[in-house]
Amino acid sequence: MIKLTFLKANKNPFTVALLLATIGVYFMYSYANYDLAPSQDDVLLKTALFLKLPNPSFENLLYPSLMRLTYYFSENNISLLFNFYFIISSIVFITFFYYLRFCKIGFVLSYFLAIGFLFSSFQISLSPRITLLNLIFGFIFLSIITLKSESYIKWAYIAVCLLLCNYVSVTEFLYFFLLAFGICCYKILSHKSLSTISKIKPIALILAIFGILAYLGGGTQNQSAFVFEFKYHFLDNWKYWTGEDYDFQDELREFDRIYGKSNSLYEFATVNPQLFFKHIKINLYNYLITVFKIVKSCFYNPFASILGLNTRYIFLLILAFFVVKLDAKASYNKLKAQLYFNKSNLGFVEMFSLPGFVIAIIVYPRNHFTLLDLPIYFLVVAILLQSIVLKSNKIENWIKGAIFLIFIGGIATQKPTIAPGSNLESYLYIKNASKKKHIEVLSNDIFGYYFFEGNCTLHGFDGNKEDLTEALNTKKYDILYLTALDLEIPRIREFLKNKNAPQGYVKITKFESVRRNVFVKKESLHLF
């Protein structure tokens, strides 16, 4: 009865209207107002455009599948990315809000935390947004778990959640799925009040879901992906320690020279334990910094955009006021009540968050890995904030109201804008020219081509073997388009050291800030 009452309370017209209005504001706030990341960063765009099921080998399944659905009502590939990112962000906002509400967090605080994340520069600039789909699954299943009383049912739900996440990103979810599924089976089989058929059904259902995903997703795991990620990110840390930098094409060979030949977690830990634990130590430090930056982006930057340099002092003043006016006994009792309700579910929240933490510490604390730990951190913050009780309710309400208004004002003043010479502008630069005339593009930016594809032909080249000046003289391409990945090749860097553009071409400098080197044939300049 209590559960039904809670569900009805969260379906009231005001709540629904507020959430939809917030999404509408977010659409006008962010849609096409932020720069897309370099096209090679969203390699899943290619997977989505050419999606064929089942996958021949293990690959991200659910994210490109949803992107492919978005493709059918998008005008072009640039619109596809904006549409898909908007949809993913909107859903994670709604599920985030209800996750906190199902954990008995107050309406205002839940809304405050959810919009803080939605409108943060961190969330808006995240590309690709693959791990937001992990968060959506996490928020949905963790919300359902709060409504269940039987332990085996909770373990069944968290097992399915982790299984779905394994087919989104971070394949280490598979090990945690197997752990959760093992516990689920033990809980079910040892449950004396369940009949034999009642024990078989949930286990069979989970195995059926596993079988379908494994068939469509091309297996269960790609161990080589972990090996490559470890090696490349170790060399990022090596560069930080020593200042030594290597071209992308040489990194795997250099790794073997520096670290020793190793191709599994066991070998990484045993071949060179000193460097392995040094790598983990710096990752842990960077993990804490990354978490701090995410929280800062969500809840500090909006205040800073209004209050400026005085923000930290005002925060300290407010904190001092809360300490003086805090009703310690009432706050403690309220905290106990919150922890009592959530204590049986905190383990499941941690189970969801652990894969991201493990991969962040062992491989590298990228935003995508660290993002997966937010459910546990945000829940802890929400519980602590909700437990605060001041001696004067009137003062408390006035302060909360003022904080909320300043926060909303801060969000409005930090609205994203696309700077001149952005990645997006470089895609549109070629796309708009191709509307006037068929153009020939000399570039290896295959992924970029999927953005600006249209009335143009893309010609690739081997930067290690071919001479670009000779290639441009042999055939008059309309445009030479070099990306950051091309700069990893020494011959390309030598080509760019020449301050003069190749004969018959003009260098377009406005995209150099995003590491785009563009040369346009003089006869074709009028198209651009």
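A nonpolar surface patch of about 420 Å² is formed by L66, L69, Y71 and Y72 in this predicted model. A patch here gathers residues with over 30% relative accessible area and no salt bridge, joining nonpolar side chains (Val, Leu, Ile, Met, Phe, Trp, Tyr) within 5 Å and like charges within 9 Å. The areas come from the Shrake-Rupley method with a 1.4 Å probe, and for residues only the protein chains shown count as cover. L69 is exposed, with a relative accessible area of 53%. The cut-offs behind these words are simple: buried means under 20% relative accessible area, exposed means over 50%, and partly exposed lies in between (1.4 Å probe, protein chains only).

Contact is taken as heavy atoms within 4.5 Å. Helices (H or I, at least four residues) and strands (E, at least two) are DSSP runs, numbered from the N terminus.

Residues are numbered from 1 along each chain as its sequence is written, and side-chain values use heavy atoms, with hydrogens and water left out. Since the model is predicted, local features need pLDDT of at least 70 and side-chain atom pairs count only at pLDDT 80 or more, while totals for chains, interfaces and linings use all residues.

Turning to the whole chain, the protein has 25 helices and 5 strands. Its radius of gyration is 26 Å, close to the 24 Å that the globule rule gives for 528 residues, so the chain is as compact as a globular protein of that length. That radius is taken over C-alpha atoms, and the rule is 2.2 Å times the number of residues to the power 0.38. The C-alpha atoms fill a box of roughly 80 × 55 × 50 Å along the principal axes. Of the 528 residues, 50% count as buried. The chain exposes about 25400 Å², and carbon and sulfur atoms supply 64% of that area. Among contacts between residues at least 6 apart in sequence, 72% join residues at least 24 apart.

Charged pairs come next. The whole structure holds 9 salt bridges, each being a side-chain nitrogen of Lys or Arg within 4 Å of a carboxyl oxygen of Asp or Glu. In one of them, R257 pairs with E254, and the closest N and O atoms are 2.8 Å apart. The two residues are 3 apart in helix α13 (residues 251-259), and are thus separated by about one helical turn. R257 is exposed at 56% relative accessibility, whereas E254 is buried at 15%.

Another salt bridge joins the side chains of K521 and D478 (3.8 Å, N to O). K521 lies in strand β5 (residues 517-521) and D478 in the loop between α24 (468-474) and β3 (479-482), so the pair ties together parts that are 43 residues apart in sequence. K521 and D478 are both buried. E512 and K507 also form a salt bridge, with their closest N and O atoms 3.0 Å apart. E512 is partly exposed at 36% relative accessible area, and K507 is partly exposed at 26%. Salt bridges that share partners link K437, D478 and K521 into one network.

K231, in helix α12 (residues 223-242), makes a contrasting case. K231 is buried yet has no salt bridge, and the nearest side chain of opposite charge, D256, is 4.1 Å away. For charge, Lys and Arg count as positive and Asp and Glu as negative, while His and the chain ends are not counted. Leaving aside residues up to four places away in sequence, K231 touches L252, F255, D256, S262, N263 and F268.

The peptide bond from L53 to P54 is cis, with omega near 0°, and P54 is placed in the loop between α3 and α4. A cis bond also joins S127 and P128, with omega about -5°; P128 belongs to the loop between α7 (121-125) and α8. A32 has a positive phi near 65° although it is not glycine, and it is found in the loop between α2 (13-30) and α3. K104 likewise has a phi near 65°, and lies in the loop between α5 and α6 (107-118).
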